[in-house]
Amino acid sequence: SAIQTIFISATPLPTLEKSFSATDAVLGGAPITLTLKVNNPASAPLPNFALTDSFPLLGGVAAIKVANPPNATVSCPGGTAPTFAPAAGDIVVTATGGTVAANSSCTLTVQVEANTSNGKYLDFAANVIPAANLTNDLGLVSAAGASANVTVKSPLRVGKVFAHATLSSGQSDFFTLTLWNDGNAPLTVSFTDSPMDAEGNGVYG
């Protein structure tokens, strides 16, 4: 009789990466670049992969969206580029039908822009891609999900400065209000500055 021993090595799992070119996205401001990366550390190709990234919500509305124009790019050295054609306004981006070469990666980029700050000056959103959102013909799941954080900001900032740091009782002074627009489009602004009330203050009278 003969005995044959076969050793089976586990295939390294693919991994995901995600990043933004800037941590802040301003409503009405310049777009930022979202980069998605599928890494294949195995010695065999990762065939027919698909990847889906759903943008995070703030108050039930997507915090960011695909910019106009999207300027999407794909790079898969030695492999097959997936179909990746996000449209302006999309809040979900998907790549399908790509092959990552052995010991290589596929990188996808797209321009995105702020969509809502949830009625606040700024709000924070964690954009997470679950490991299960990467599929392929080998049935390999990603070793872990990927995440990147983005802060969505209102374009309007307000500053207020008094001419003097201290005033005596009955002394007059003036202050300067400055409004900044960090966006790329004009803003129509109205505001109310409530007067200070020092009554009942034992220090200032």
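Let's start inside the structure: S75 has T107 in β10 as its bridge partner. This is a predicted model, where local features need pLDDT of at least 70, side-chain atom pairs count only at pLDDT 80 or more, and totals for chains, interfaces and linings use all residues. Residues are numbered from 1 along each chain as its sequence is written, and side-chain values use heavy atoms, leaving out hydrogens and water. Strands here are DSSP runs of E, at least two residues long, numbered from the N terminus, and two strands pair if DSSP finds at least two bridges between them.

Stay with β10 for a moment. Strand β8 (residues 73-75) pairs with β10 in the antiparallel sense, over three bridges. β7 also runs antiparallel to β10, with three bridges joining them, and there V66 has V112 as its bridge partner. Then comes β3, which pairs with β10 over nine bridges, again antiparallel; N40 stands opposite S104 in that strand.

As for V38, its contacts (heavy atoms within 4.5 Å) include L16, F49, V100 and C106, not counting residues up to four places away in sequence.

Elsewhere, three strands form an open antiparallel sheet in the order β9-β4-β12. Its edge strands are β9 and β12 (134-135), each pairing on one side only. Seven bridges join β4 to β9, and T52 stands opposite T94 in β9.

Over in strand β13 you'll find T151, which counts as buried because its relative accessibility is 15%. T151 touches T23, D24, A25, L122, D123 and F124, again skipping residues up to four places away in sequence.

V158, F162, F175, L177, V189 and F191 make a nonpolar patch of about 510 Å². Strands β14 (156-162) and β15 (175-181) each give two or more residues to this patch.

How values were computed
Helix = DSSP H or I, 4+ residues; strand = E, 2+ residues; numbered from the N terminus. Buried < 20%, exposed > 50% of the residue type's maximum accessible area, 1.4 Å probe, protein only. Patch = residues over 30% accessible without salt bridge, like charges linked within 9 Å, V, L, I, M, F, W, Y side chains within 5 Å. Areas by Shrake-Rupley, 256 points an atom, 1.4 Å probe, with all protein chains shown as cover. Salt bridge = Lys/Arg side-chain N within 4 Å of Asp/Glu carboxyl O.
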